Amino acid sequence: MKKGVGDLMPSNRGASVRYENVQKSYDGEILVVKNLNLDIPPGEFLTMLGPSGSGKTTCLMMLAGFEPATHGEIFLNDRPINNVPPHKRGIGMVFQNYALFPHMSVAENLAFPLQVRNVGKAEQEEKVKRALEMVELGDFGNRRPAQLSGGQQQRVAVARALVFDPELVLMDEPLGALDKQLREQMQYEIKHIHENLGVTVVYVTHDQTEALTMSDRVAVFNDGVIQQLSTPDSLYEDPQNSFVAQFIGENNKLSGKVIGVSGNECLVELDDGTQLKADKVNVNAVGDRTTLSLRPERVEFEPASSMENLVQGRIEELIYLGDHIRVRMSVAGNDEFIVKVRNRGERRKLETGETVPIGWAINDCKALDAVA
Amino acid sequence: MSETATEQVLTTKDGRPLKASLARALRREKLRALVLIAPLLIFVLLTFVAPIADMLFRSVENSIVEDTLPQTVNALQDWDPSSGEVPGEPVFAALAADLQVAVDLKTHTRLGSRLNYEKTGISSLFRKTGRRVKKMTEPPYKEQFLKADKKWGQVDTWQTLKQFSPRYTDGYFLSSLDAERTSEGLQMKPEDEQIYLLLFGRTMMLSIAITVSCLLLGYPIAFLLAQLPLRTSNLLMILVLLPFWTSLLVRTSAWKVLLQQQGVINDFLVWIGLISDANRLVMINNQTGTIIAMTHILLPFMILPLYSVMKTISPTYVRAAKSLGATDWTAFWRVYFPQSVPGIGAGAVLVFILAIGYYITPELVGGTSGIFISNRIAYHISSSLNWGLAAALGTLLLAAVMILFIVYDKIVGIDNVKLG
Ligand SMILES: Nc1ncnc2c1ncn2[C@@H]1O[C@H](COP(=O)(O)OP(=O)(O)O)[C@@H](O)[C@H]1O
Ligand SMILES: [Mg+2]
């Protein structure tokens with residue numbers, strides 16, 4: 001069942017969004033978004049994650065209607081919206097600096113989208129009250145935005161984007177201006193609001209923790225291209241290319257050349273001659289250059305059993321972190337190799353300069369595309 | 001150790017009390033600040049505060065009568081101006097004595113011109129009498145004065161003299177408001193002599209008209225400039241400021257060329273057939289001319305504060321409004337416009353204040369129907385030399401502006417004014 005813009009019943013279903021071959025250039029020379037295809041089902045919390053300048057905001061603005069797509073089509077509930085002006089799209093939006101109207105009280109800010117839709121006075125008050133309660137700001141209706149703290153302003157912005165019961169809400173780095181603690185708290189609150197209302201949320205951030213915490217799916221952007229679109233866990237566990245492996249979480253890189261392939265595995269010779277087995281993810285044939293990607297917590301320190309990959313490493317630096325010890329090692333010519341060693345009482349004291357054996361499973365070592 | 005230390009007065013190393021040392025250090029700071037602002041302070045006092053104070057004083061000051069005719073003023077105290085009779089011999093005797101002195105000092109002509117502002121003819125009366133008074137050595141003086149000029153036998157001459165004998169007078173202010181004090185008390189001057197209230201009213205109305213037209217023309221320009229990328233808007237801003245590069249006189253004269261009946265605009269309108277040659281528009285030497293020329297001259301003062309305020313309004317507000325369902329117009333009117341009000345406030349105040357005291361342009365293009373109160377003030381300062389009246393008019397203008405400011409503060413709020 002499709003809902004019109006004017007339909008103001010509480011939303012129990014989100015809208016679907018589809019980008020089809022969307023391209024965007026501002027100056028006619030550089031493509032800021034290169035052939036974007038993205039299908040967002042109703043009710044999903046999708047995050048666009050990527051470094052600054054990767055085109056996330058541009059994608060969001062095209063969906064909101066503030067930037068025209070240079071090529072391609074965007075669908076909202078299977079309806080093409082390229083020629084629908086922003087105010088007719090019925091999309092709620094939270095801006096990075098909140099964009100609360102400074103000359104209106106909080107309640108007036110919330111009533112604004114209802115007023116422009118000619119909602120009756122009584123219903124307006126009812127909805128404003130409900131929205132304020134949803135973000136736990138019931139008593140703040142008469143304040144001016146400037147009289148609120150950053151976190152409270154943020155909540156008002158969220159409430160305002162939701163008060164007219166949109167099926168789709170866009171958020172562009174909404175928590176960027178908050179300090180760490182408040183940001184984490186707001187992440188959970190926004191997540192819960194999403195779960196309760198069932199709206200579709202498209203969320204933009206450059207903070208990977210935020211993306212992993214909140215999202216159903218994450219689209220990792222780089223250079224105007226979606227590098228990987230998957231759930232947070234598979235983004236971490238199964239990065240599809242070096243960029244994603246680098247961008248999400250901590251990661252050890254070893255570069256080398258494929259010298260043998262068998263099924264899902266491949267044999268890689270590192271630049272110093274060490275040979276390792278790896279999960280074949282993003283390499284094609286023997287002779288390809290590759291970057292092996294390995295999570296620090298998956299490396300076994302002085303393995304008891306013999307492992308599929310075993311190398312010697314020299315300890316360069318030890319950082320004591322309580323529950324674990326962070327060990328920087330020099331492994332196969334890479335002296336930025338990090339290993340997280342669990343802090344178990346029985347372990348002997350480690351010394352810098354020591355050479356120790358380390359090992360890991362084939363599955364934890366991904367052979368990805370080579371980085372320059 | 002520490003206990004005794006807290007009981008003692010805290011001192012610096014050399015044994016002076018800490019408080020005194022601190023005060024001394026701060027005093028030096030303050031003195032330094034004072035020295036730095038002293039030149040400006042003195043300049044402002046000399047060139048701004050002092051002239052204004054002097055102006056306020058001149059508008060009520062009137063010691064010339066008592067200084068020139070001390071005995072007469074004294075003798076007149078017993079005379080009742082409403083009696084309808086000319087004062088008696090003692091007053092004339094005092095007048096003769098005073099005038100003897102005044103003629104020697106040649107101050108009687110100055111008194112004459114001063115009183116002439118109040119009653120025409122007194123100037124010549126004093127000059128004429130001054131020539132004769134040397135021969136008046138013997139009483140009875142009254143007859144000799146009446147023989148010298150029969151005006152001395154008229155009651156209203158004496159009424160004027162008596163009315164303006166105090167050292168301070170409200171006469172200038174009454175004149176400024178087209179009022180006068182007659183034997184029947186305070187009343188308005190006859191219709192055909194009223195001029196200043198009309199001028200004040202016209203100055204206000206024209207200034208408001210100029211402010212409104214500046215706003216109507218300036219707002220869209222400032223809006224456009226604020227939307228454009230900085231490089232383009234800087235370039236266009238130079239065009240806005242371009243008029244400042246040419247002299248005010250040149251610009252005003254240019255309007256004369258454009259607007260006069262044989263001027264460019266009329267020629268063009270006749271040429272395209274919009275008006276006939278016989279019905280050329282009168283656009284200069286009247287209020288239309290004043291409004292057009294002054295709007296042009298004051299426009300930058302509206303655009304600049306508007307622009308600087310609009311520049312600070314983030315475009316995301318309008319975007320937010322649209323994303324919430326507002327049409328372009330609603331987003332502008334309910335979200336953008338209210339945030340630009342401080343700029344309107346600043347621009348309007350600036351233009352209005354400048355307009356209300358403007359002088360050159362109305363003088364050149366205003367004709368008789370388009371001149372301002374300032375033109376009248378200038379006339380009294382440089383032509384009629386009635387400085388007291390000029391001062392009173394100036395004071396009233398100042399008061400009017402202040403009152404408007406207070407009203408404005410009540411309605412708009414002065415903290416709603418932002419100059420940048
Ligand atoms: N209005 C604009 N005009 C020209 N170039 C723009 C504009 N907005 C963004 N860009 C360019 O497009 C690229 C992507 O920007 P953006 O979508 O804002 O990235 P992100 O939000 O991921 O940081 C950047 O290189 C940026 O310089
Ligand atoms: Mg961005």
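Colleague: How many residues of chain B are in contact with residues of chain A?

Modeller: Contact means heavy atoms within 4.5 Å, and by that rule 16 residues of chain B are in contact with 21 residues of chain A. Before we go on, please keep in mind that this is a predicted model, in which local features need pLDDT of at least 70 and side-chain atom pairs count only at pLDDT 80 or more, while totals for chains, interfaces and linings use all residues. Residues are numbered from 1 along each chain as its sequence is written, chains are lettered from A and ligands numbered from 1 in the order in which they are written, and side-chain values use heavy atoms, with hydrogens and water left out.

Colleague: What area is buried between chain B and chain A, and which three residues of chain B supply more of its share than any other three?

Modeller: Buried area is the accessible area (1.4 Å probe) that two parts lose on being put together, summed over both. Here the area is about 1700 Å², and carbon and sulfur atoms give 68% of it. Of the area that chain B buries against chain A, 41% is supplied by R319(B), L324(B) and R334(B), more than any other three residues.

Colleague: What is the mean pLDDT of chain A, and where does pLDDT stay under 50?

Modeller: pLDDT is the predictor's confidence in each residue, from 0 to 100. For chain A the mean is 90, and 96% of the residues reach 70 or more, but over residues 1-11 of chain A the value stays under 50.

Colleague: How is chain A divided into domains?

Modeller: Domain bounds come from an automatic or database domain assignment, and here they give domain 1 (5-237) and domain 2 (250-369) of chain A. The C-alpha centres of these two domains of chain A lie 40 Å apart.

Colleague: In what order do the 6 strands of the open sheet in chain A stand?

Modeller: Strands of a sheet pair through backbone hydrogen bonds, either parallel or antiparallel. Helices (H or I, at least four residues) and strands (E, at least two) are DSSP runs, numbered from the N terminus, and two strands pair if DSSP finds at least two bridges between them. In chain A the order is β6-β7-β8-β3-β9-β10, with mixed pairing. Because β6 (91-94) and β10 (225-230) of chain A stand at the edges with a single partner strand each, one side of each is left without a neighbour in the sheet. Within this sheet, β3 (residues 45-49) and β8 (residues 200-205) of chain A run parallel and are joined by 5 bridges, and T47(A) has Y203(A) as its bridge partner in β8(A).

Colleague: How should I read a hairpin, and which residue in the turn between β16(A) and β17(A) has a positive phi?

Modeller: Look at the two strands and then at the residues between them. Strand β16 (residues 309-320) and strand β17 (residues 324-331) of chain A run antiparallel with 7 bridges, and R314(A) is partnered by S330(A) in β17(A). They form a hairpin with 3 residues between them, and G322(A) in the turn has a positive phi of about 80 degrees. On another pairing, β16(A) is joined by 6 bridges to strand β19 (residues 355-360) of chain A, again antiparallel.

Colleague: Which residue in the turn between β11(A) and β12(A) has a positive phi?

Modeller: That residue is G263(A), with a phi of about 65 degrees, in a hairpin that has 2 residues between its strands. Strands β11 (residues 252-262) and β12 (residues 265-270) of chain A pair in the antiparallel sense over 6 bridges.
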